[in-house]
Amino acid sequence: MKNLIEVEKISKSYRMGERGFRSLRDSFHYWWVETLKKSASLDSKALHHFWALKDVSFNLRAGEAVGILGQNGAGKSTLLRILASLTDPTEGQAVIRGRIASLLEVGSGFHPDLTGRENIYLNGAFLGMNKREVAEQFDAIVQFSENEAFIDTPVKHYSKGMYTRLAFSVAAHLNADILLLDEVLEMGDLIFQKKAIQKMIERKKEGKAILFVSHDCERVRSLCERALCLKEGKLVFDGSMNEGMSHYLNNVTHSTRT
Amino acid sequence: MSELFTKVIRAEKSWLSFDFKSFILYRDLLFLMVRREFVSKYKQTLLGPLWFVIQPVLMAMVFVFLFSETMHVPTDGIPPVLFYFSGIVIWNFLSSSLGAISLSMLHHAELCKKVYFPRLFLPVSQLFSSFFALLIQMGVLLILYLYYYFTSDSPTFFSNGKVLLLPVGLFQLAMLSLGVGTWIAGLTSRYRDFHHLTQLGLTLWMYASPISYSLKLVSEKWKWLVLANPVSPVILSIRAALFGTEGLSLRIQLGSLGVSFLICLTGLLFFNRVQRNFIDTV
């Protein structure tokens, strides 16, 4: 099987304090401090930067589902964001061969005032499907979501469950070759969750490649046969799910949060 | 698998790398985004799209009452209703599209953190949706225009070849609003200061444009200030196109067209640069 994703030494650094609100005044302050301190301490750059990911490399083949394990802040979401082209890496590169869809949240682009029908087309388009592709899948999407009766009602009148089911259904019927999932299978009630996982296993068998992030060990195990463990931005394990899971759990028990 | 879907992700240093491939792949999305913007403005309203008409009509009535009936300000021989309505419609397009474009990035930050799509669609869809509102308002202007044309004794304002200036003027206005809007959108994603500036700036900009007054009323000493404003030539040329009033020299027209083009080009380049990593700082 050929590689759909080839990640080579990807790194991402953030400037400390850069996330969040910033005004022009802060910016002048930073600039002032940086110009003054540059001569004072050579390490100022190191102090101000923080590597969310450092030299991560791996490949992903068609028909493979990989679970990414790691504690909060290990770099899981940053990795998915880079692969989804939401933000650039600082160093390194990744080659993506095929259509990629990021389900970091279901229902992206849903508009509360539009009907279920209109939102299916809109959300499908945000996920990279064209009008014809959505039209072909339309009946399957509606049926999977169990919302047939309310498809022409604005989604703001939907219950949370109906909303989630509709949103997930669009995502589940995507025509992409690579799916990036970030805890989206934890939505809805248990019965729907089971149905969702089942659907993803089906997609995997069709030859889709899946990258899955979840804190629910059982769920990761049921979908993925291979694990990547991230720790403080570094890839510390790449191998079978069983070994990866024990590696991860060992790490959790032996580390203390600071 | 087709080559079309292969892409390389890396730190991009160039200012000129536009993802043209994705514009084509996502073309249906642009249409749906424009529709979403346009429709969501009047969903759950009783009067629906009529709201696009009510606001400029009321504004024009206030202007007519205030400037013509009360202060007797001359309007270049154009019926006051048409004079003010044409100015308001044109200004509305600029201010509504510019306001929406300048916030388009910030308002969709959460969306941008979750899915990839050509970010340039955010400002462009706002521009198109404002343009549809403009078309509706231009339709009303046309009705008023025809009414005056057939009822007035001396239809002196009947236009001529200058009507060709109309699409050029609208195109220039679109470039201007896209350019200034994308500059502000890019800056606002980092510095919220620019959001506060936009509202203030738009109000001041309106007074610096010959919307509610004729250029003839401006003293020679200050005329340059009004003409330095790239919106003024557009308004004057659109009025010239519709009412056959005196336009500006070709030199000034081309100059302001060039300025608008430059603002648009640099705005798009800047926006394209900022969007690559803006979810890290927003």
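Trainee: How do helix α2 and helix α6 of chain B pack, in terms of angle and distance between axes?

Mentor: In this predicted model, α2 (residues 27–40) and α6 (residues 121–151) of chain B pack at about 55 degrees, and their axes are 8 Å apart. That angle makes α2(B) oblique to α6(B).

Trainee: Is the crossing of α2(B) and α6(B) left-handed or right-handed?

Mentor: Right-handed for α2(B) and α6(B).

Trainee: Which residues make the contact?

Mentor: From α2(B), they include B:Leu29, B:Leu30, B:Met33 and B:Glu37. The α6(B) side includes B:Phe121, B:Val124, B:Phe128 and B:Phe132. By type, the contact of α2(B) with α6(B) has nine nonpolar residues, three polar and one charged.

Trainee: Okay, another pair. What about α7 and α11 in chain B?

Mentor: Helix α7 (residues 165–188) and helix α11 (residues 250–275) of chain B pack at about 35 degrees, with axes 7 Å apart. The crossing of α7(B) and α11(B) is left-handed.

Trainee: How many charged residues are in the contact of α7(B) with α11(B)?

Mentor: None are charged; the residues there are 14 nonpolar and six polar. Among them are B:Trp183 and B:Met175 in α7(B), and B:Phe261 and B:Cys264 in α11(B).

Trainee: Switching to chain A: which way do the residues of strand β5 point?

Mentor: In β5(A) (residues 100–103), A:Ile100 and A:Ser102 point one way, A:Ala101 and A:Leu103 the other, and all are buried.

Trainee: And how many bridges join β5(A) to β6(A)?

Mentor: Four, and β5(A) runs parallel to β6(A) (residues 178–182). A:Ala101, for one, has A:Leu179 as its bridge partner in β6(A).

Technical notes:
Residues are numbered from 1 along each chain as its sequence is written. Chains are lettered from A and ligands numbered from 1 in the order in which they are written. This is a predicted model: local features need pLDDT of at least 70, side-chain atom pairs count only at pLDDT 80 or more; totals for chains, interfaces and linings use all residues. Axes are lines fitted to C-alpha atoms, for helices over the stretch in contact, and angles run from 0 to 180 degrees between N-to-C directions. Helices (H or I, at least four residues) and strands (E, at least two) are DSSP runs, numbered from the N terminus. A crossing is left-handed if the near helix is turned anticlockwise from the far one by less than a right angle, and right-handed if clockwise. Two residues are in contact if their C-beta atoms, placed from the backbone, lie within 7 Å. Ala, Val, Leu, Ile, Met, Phe, Trp, Tyr, Cys and Pro count as nonpolar, Asp, Glu, Lys and Arg as charged, and the others, Gly among them, as polar. Angles under 35 degrees count as roughly parallel, over 145 as roughly antiparallel, 65 to 115 as roughly perpendicular and the rest as oblique. A residue is buried if 20 or more other C-beta atoms lie within 10 Å of its own, exposed if 12 or fewer, and partly exposed in between; C-beta atoms are placed from the backbone. Two strands pair if DSSP finds at least two bridges between them.
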